[in-house]
Amino acid sequence: MKFEIDKQTDKTIFRLESKSLDHTISAALKAELIFLQKEIDNQFIIDLKDVTKCDSSGLSVLLLSERLEREKNKKLILKNVNTGVLELMKIARLDRVFDIG
C-alpha cells in the first residue's frame, strides 16, 4: 500500500496511491490512519484521486476515520472521489455522513 502525507499548518492531506480501497489493504490502512489521526489536531483530508474501486472493507476504513475525527469535534473531508466510489457511497447512504469535496 502506497500513500503520501502532506502535513500543513491548517490541514493534513492523506493521499492513497492505490486503485483499490478494499479488503486487501483495509487492515493496514486502518492501522495507519488510527496512528496518524491521533497524532494530528488540524483538518484531516483523505484524497481518493487514484482510487477507482471500493468495497465494504474500504467503506469501513473511511467510516472509522470519520468517527476518529468526530470524536475530536472535527469533520473528515474526502477529496477527488471517483464517480463509481461516490455511487457506492450513495447506495449505502454514506454521502450523508462524509463531507465530500
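1. Leaving aside neighbours within four places in sequence, Thr12 is in contact with Ile5, Asp6, Lys7, Ile40, Asn42, Gln43, Phe44 and Ile45, contact being heavy atoms within 4.5 Å. Thr12 belongs to strand S2 (residues 11–16), and it counts as buried because its relative accessibility is 1%; buried means under 20% relative accessible area, exposed over 50% and partly exposed in between, with a 1.4 Å probe and protein chains only.

2. On the basis of the note: this is a predicted model, in which local features need pLDDT of at least 70 and side-chain atom pairs count only at pLDDT 80 or more, while totals for chains, interfaces and linings use all residues. Residues are numbered from 1 along each chain as its sequence is written, and side-chain values use heavy atoms, with hydrogens and water left out.

3. Five strands form an open sheet of mixed pairing, in the order S1-S2-S4-S6-S7; strands (E, at least two residues) and helices (H or I, at least four) are DSSP runs numbered from the N terminus, and two strands pair if DSSP finds at least two bridges between them. S2 and strand S4 (residues 43–47) run parallel and are joined by five bridges, and Arg15 has Asp47 in S4 as its bridge partner.

4. The structure holds one aromatic pair, formed by Phe3 and Phe14, which is stacked at 5.0 Å centre to centre with 25° between the planes; rings of Phe, Tyr and Trp (its six-membered ring) pair if their centres lie within 6.5 Å, and planes under 30 degrees apart count as stacked, over 60 as edge-to-face and the rest as tilted. Phe3 counts as partly exposed at 28% relative accessibility, whereas Phe14 counts as buried at 1%.
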